[in-house]
Amino acid sequence: MSQSFKILFFAGFLFWNISSKAQNEVYASPVKQVIPDTSFVNLKDFSTDFVYDMKYATEDNFLKAKVYDCAECVLRMKTVKALIAANNDFKKKGFRIKLYDCYRPLSIQKRMWEIVSNPEYVADPKKGSIHNRGGAVDISIVDANGKEVDMGTPFDFFGIEASHNYENLSKKIKSNRKFLKKIMIKNGFNSFDSEWWHYNLKTGLKDKVSNQNWKCE
């Protein structure tokens, strides 16, 4: 083998090796970031298909006080996944979820307790609630025109009429509540007997109470 041929062969091999590495770098699959199920995230970063009426960011609530600085729905990632799955089921039927409340930092729970120190209306912050764990949502549904479906009482109505077990309602209202409950339970949530709007993620009941706050944009 001549010296010039050796040089050409080596140059060709070097070019092939560099090209192969370059191709591998270009076509390598990007590494996807995996968000832990217990991480707190903002729902709007994962879906734009929800309707928001975050009552505690206004004075239009039973406290008659604004206790949130901004109307954001923050939840643990696993709750977001389940909620989006439920909303997808509602969308197939021509409805969407309307949100009243999501994660509630423990500091907000304490503030609410100071305003209304009644465990029938506000969970004692010493124990905390599932809202403080990022696993609860207060919701209703709206139709294709954005009109809220009739559930018989307003959100945060603390009378017996708000109970799932209350029977003195029209067939339509009882059907609406059953529809809401059926879809939510199918997607991993439990209902709360005395409040037709409240749903807990089954797998979130044992998560720790948190005081993580979010930034307002």
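Biologist: At what angle do helix H2 and helix H4 pack in this model?

Modeller: The model is a predicted one, and in it helix H2 covers residues 77–92 while helix H4 covers residues 171–186. Their axes lie 9 Å apart, and the angle at which the two helices pack is about 135°.

Biologist: Which residues make the contact of H2 with H4, and how many of them are nonpolar, polar and charged?

Modeller: From H2 the contact takes Leu83, Ala86, Asp89 and Phe90, and from H4 it takes Phe179, Leu180, Ile183, Met184 and Lys186. Sorted by class, the contact of H2 with H4 has 7 nonpolar residues, no polar ones and 2 charged ones.

Biologist: How many helices and strands does the chain have, and what pattern do they follow along the sequence?

Modeller: The chain holds 4 helices and 7 strands. Read along the sequence, these elements follow the pattern α-β-β-β-α-β-α-β-α-β-β.

Biologist: How many disulfides are there, and what is the pairing of the bonded cysteines in sequence order?

Modeller: The count comes to 2 disulfides. One joins cysteine 70 to cysteine 216, with an S to S distance of 2.1 Å, and in another cysteine 73 and cysteine 102 have their sulfur atoms 2.0 Å apart. With the bonded cysteines numbered in sequence order, the pairing is 1-4, 2-3.

Biologist: Where do cysteine 70 and cysteine 216 lie, and how many residues apart are they?

Modeller: The disulfide of cysteine 70 and cysteine 216 is left-handed, with -85° about the S-S bond. Cysteine 70 is in the loop between strand E2 (51–52) and strand E3 (74–76), whereas cysteine 216 is in the segment after strand E7 (195–201), so that the pair links distant parts of the chain, 146 residues apart.

Biologist: Is cysteine 102 buried or exposed, and why?

Modeller: Cysteine 73, to which cysteine 102 is bonded, is buried, with a relative accessible area of 0%. Cysteine 102 has 0% relative accessibility, and therefore counts as buried.

Biologist: What is the phi of aspartate 156, and where is this residue found?

Modeller: Most residues other than glycine have a negative phi. Aspartate 156, which is found in the loop between strand E5 (136–142) and H4, is buried with a relative accessible area of 11%. Although not a glycine, aspartate 156 has a positive phi of about 60°.

Biologist: Is lysine 64 buried or exposed, and why?

Modeller: Lysine 64 has its place in the loop between E2 and E3, and has a positive phi of about 60° although it is not a glycine. Exposed means over 50% relative accessible area, and lysine 64, at 63%, is therefore exposed.

Biologist: How far apart in space are arginine 104 and serine 210, C-alpha to C-alpha?

Modeller: Arginine 104 lies in the loop between E4 and H3, and counts as buried at 6% relative accessibility. Leaving aside neighbours within four places in sequence, its contacts include Tyr56, Tyr68, Asp138 and Ser210. Arginine 104 and serine 210 are 106 residues apart in sequence, while their C-alpha distance is 8.4 Å.

Conventions. Residues are numbered from 1 along each chain as its sequence is written. This is a predicted model: local features need pLDDT of at least 70, side-chain atom pairs count only at pLDDT 80 or more; totals for chains, interfaces and linings use all residues. Side-chain values use heavy atoms; hydrogens and water are left out. Axes are lines fitted to C-alpha atoms, for helices over the stretch in contact, and angles run from 0 to 180 degrees between N-to-C directions. Contact means heavy atoms within 4.5 Å. Ala, Val, Leu, Ile, Met, Phe, Trp, Tyr, Cys and Pro count as nonpolar, Asp, Glu, Lys and Arg as charged, and the others, Gly among them, as polar. A disulfide is a pair of cysteine sulfur atoms within 2.5 Å. Buried means under 20% relative accessible area, exposed over 50%, partly exposed in between (1.4 Å probe, protein chains only).
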